[in-house]
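Let's walk through this model together, one question at a time. Have the structure open as you read.

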Amino acid sequence: MLPNDSQRPDPDALLAQVQAQEQKAARGRLRIYFGASAGVGKTYAMLAAARKLLADGQDLLVGVVETHGRQDTAAQLDGLPVLPLKAIEYRGKILYEFDLDEALRRAPPLILMDELAHSNVAGSRHPKRWQDVEELLAAGIDVLSTVNVQHLESLNDVVGGITGVRVAETLPDTVFDRADEVVLVDIPADELLRRLKQGKVYQPQQAERASQHFFRKGNLIALRELALRRTADRIQDDVQAYRVEKSINPVWKTGAALLACVGPHAGGEHVIRSTARLASQLNAEWHALYVETPRLQRLPAGQRERILKTLKLAQDLGARTAIVPSADIAGAVVEYARGANISKVIVGRGRGRALARLWQAPPAARMASLAPDIDLIEVGLPPADAAPRRAAGDDADAPRRPARHWRYILAAGASLGTALASVPLQPYLDLANIAMLSLLTVVLLAVRLGRGPAALASLVGVACFDFIFVPPRFSFAVGDFQYVITFGVMLAVGLITGHLTAGLRFQARVASHREARARALYEFSRELSGVLQTEQIFDITKSAIERAFRARATLLLPDDEGNLQAANGGEPLDIGIAQWAFDHAQAAGTGTDTLPASPIFYLPLIAPMRTRGVLALLPLDGAQRGRWLLVPEQRQHLDTFAALAAIALERVHYIDVAQGALLQMESERLRNSLLAALSHDLRTPLTSLVGLAESLALSRPALSPAQLDMARSLQSETVRMSALVANLLDMARIESGQVRLNLQWQALEEVVGSALRASGPQLQQHAVQTQLAPDLPLVRYDAVLIERVLCNLLENAAKYTPPGSTITVAAGVHGQFLQVTVLDDGPGLPPGREEAIFEKFTRGERESNKPGVGLGLAICRAIVEAHGGTIHAQPHTPGQGAAIVFSLPLGTPPAPPEIELDDANDHETGKPT
């Protein structure tokens, strides 16, 4: 292997990097001018940069810039090409927004988009301006934009807690993080307050209010700190990405990250707590690392459990924990620190014996030698552990000691047996070949039994070789000094060979475990990729978890109300603990801080959209129950299984939702087609029948009274049938989008009067009252359709109230809406059906002899919502009948044309104009 093989880039990583660069080359670049608050000069800096680029010959376009009346900012805008804004009508008002289509058509190399977190008016292609910017970037257009720190989604609640003001317009942090460049625009708080007083931030009235609320000095200082820290975090990510891209190995001391080294001794918790305090003082992130060597892997169970608890403590205190298998502690620590760009390593004070220090340098000294650019901080021993002592947990696995003793006995016996078996071969073999047989035995014992037994076998082999084969035989005396060298070489080769073989055995076992975990995840994800039912996910997850973790597993899934349901025939579970884990999205049960006495581990299945259920595990090994959950790699492995299961559950859920939506859409489409076909085919003959019925009643000679009654009945039924068909046709037209609103500014009184006249035949047996406010404003609506709404409401009121009842039409202004109410004093609506009656083919009474097919209110809702309004039924109150209320948005009517004085005089005198 070449010396620099460890630094050679991964070919897969290089390929992924090349592909990412190709995608990035086809995409526009985004530069964000970032500041702590309004008024720091973000827009000014953006416009100044644009003017410089324009002077250098760069073609650009101003998409949208908000000057907020600031003269200095407006002056920077002069001379820059500006894209005209797009006029959008919203609730009777004309608002102006960025014209995305025109910008894409013109395709400038660079465009300016102020206020990236801005919310677009309803009717725009995207609800947010940052989504417009994403489309511009995808088209290869570079963008300059601005953002305040309070608009970042992750800091929105933090800023709200500081200032007492929660902004509604937010920007996902992913958009900010994906920006190609972030320019921090920063000024001191005192300077910003001075600018505010000078009117350079807001107009005088706004500035006075802002200085009393948002623009307080303490708020500005806190916002400035947040902006600086967020910018520093982004720069740290950029530095790390650059180091990875360029394969830079030395540590750059740009951050204050800490690495705590956890060892097998009892002082590990003291190192963790000391590092946590130091990280808190430095406001830095920190890591906790445990390097597991072959010797440490054979520690007693008590010591291993203490190490795992120490790592769990580090994780609870906010550290990133990791266990790295390696035979070289110092090398593994240095490699981890350089990979994470950690400049400070925290180690505990060594307790090694002086004799051991002569044989091997302590890990801290080797770290200093391997990485002189890394700072090493040594933590003193806690008072209780100042004197070296044997930990109580070291004897926790006394039952395992005999097994270790038998391994040593077996190693000594194997070495002695090899020597005895070689005695008959002495006439045929040289002493060197017999020595090779002894070394072969040492190698085999190192593979099977480990380093310690191999070392003992090496000693026993040298002793047997001297006693049995070297003259004088059957004596430890040495007749020739060269055999002393032979003994020393044999012993050294045996010890070194046993050490290396045991290390390779350890690394092979670690690689085997990693391969098994990767294979289990691959098989699990492959099996989940093709499932289409929840029951399949349940079975696959259960079997995969049981194979990988030697634990019985089951899934608990919620019902429609969010209550977990236990599977039949499963383990006896505590639904209360599982429900807590589901509601709080946190693990509970054994191995956690929440109800650790429970023998079952409850892990929530957290998907991207919501928590999809709970995974319950019961470890099979009662003595080791919960211990494996403390191992960070095991817990991460389990979390990955749970995430895959949760994503599969969410995918199946949305497949069901999509299938249901598709079925509903197809049903609606088929029903609308049938309605349209029937209404068109029936309308012409029904119109003819209405005309024939009217002609029959007026025919000559006059009909007899009985015949006249029959003719009039035929006429009324034909008219009713024609109205039903008209409703069907109108519903089909509205849902197909074929209705175009003829919006005009007009008074409501006119359409109310025409609706009462049109509904006269249905209202003959009822008293009708109107309660219209005298100062109703003009409203912009389609008179024909709103008249249809009132006619349907009046017809419903007359249909479901007894003769002689009173129907009232009231109207008044409520906030920004004109509210119209049709009220009767009949029996009222059935309880709980206030919303259902607006659905298609739904009637007020389920089984009734009243005519109709249940489309009148559905048509009313479609028409009102097309006008931007709302319609609802008020809940029933004793002594009052049904009340249907619909609202239409108010607007600003156009001012009436002014007649000039000269023209008025001309009209008065009769002169021609």
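Predicted model: local features only at pLDDT ≥ 70, side-chain atom pairs only at ≥ 80, totals over all residues.

Q: At roughly what angle do the axes of helix 26 and helix 27 cross?
A: Helices here are DSSP runs of H or I with at least four residues, and strands are runs of E with at least two, both numbered from the N terminus. Axes are lines fitted to C-alpha atoms, for helices over the stretch in contact, with angles from 0 to 180 degrees between N-to-C directions. The axes of helix 26 (residues 783–799) and helix 27 (residues 856–866) come within 9 Å, and they cross at roughly 150 degrees.

Q: Is helix 26 roughly parallel or antiparallel to helix 27?
A: Angles under 35 degrees count as roughly parallel, over 145 as roughly antiparallel, 65 to 115 as roughly perpendicular, and the rest as oblique. With axes crossing at roughly 150 degrees, helix 26 is therefore, relative to helix 27, roughly antiparallel.

Q: Is the crossing of helix 18 and helix 19 left-handed or right-handed?
A: Helix 18 (residues 431–449) and helix 19 (residues 451–469) pack with axes 8 Å apart, at an angle of about 160 degrees. That makes helix 18 roughly antiparallel to helix 19. A crossing is left-handed if the near helix is turned anticlockwise from the far one by less than a right angle, and right-handed if clockwise. For helix 18 and helix 19, the crossing is right-handed.

Q: How many salt bridges does the structure hold?
A: The term covers a side-chain nitrogen of Lys or Arg within 4 Å of a carboxyl oxygen of Asp or Glu. Arg-27, Glu-134 and Arg-178 are linked in a network of such bridges. The number of salt bridges in the structure is 24.

Q: How many residues apart are Arg-29 and Asp-180?
A: Arg-29 forms a salt bridge with Asp-180, their closest N and O atoms being 3.8 Å apart. This pair links distant parts of the chain: Arg-29 is in the loop between helix 1 (11–25) and strand 1 (30–35), and Asp-180 is in the loop between helix 7 (173–178) and strand 7 (181–184), a separation of 151 residues.

Q: Which helix holds both Arg-273 and Glu-269?
A: The side chains of Arg-273 and Glu-269 meet in a salt bridge, 3.4 Å from N to O. They lie 4 residues apart, about one turn of the helix, and both are in helix 11 (residues 268–282).

Q: What is the N to O distance between Asp-328 and Arg-366?
A: The side chains of Asp-328 and Arg-366 meet in a salt bridge, with an N to O distance of 2.5 Å. Asp-328 sits in the loop between strand 10 (320–325) and helix 14 (329–339), while Arg-366 belongs to helix 16 (residues 363–370). To come back to the value asked for, the distance is 2.5 Å.

Q: What distance separates the C-alpha atoms of His-653 and Thr-534?
A: His-653 has its place in helix 23 (residues 632–697). Along the chain, His-653 and Thr-534 are 119 residues apart, and their C-alpha atoms are separated by 8.3 Å.

How values were computed. Residues numbered from 1 in each chain as written. Heavy atoms only, no water.
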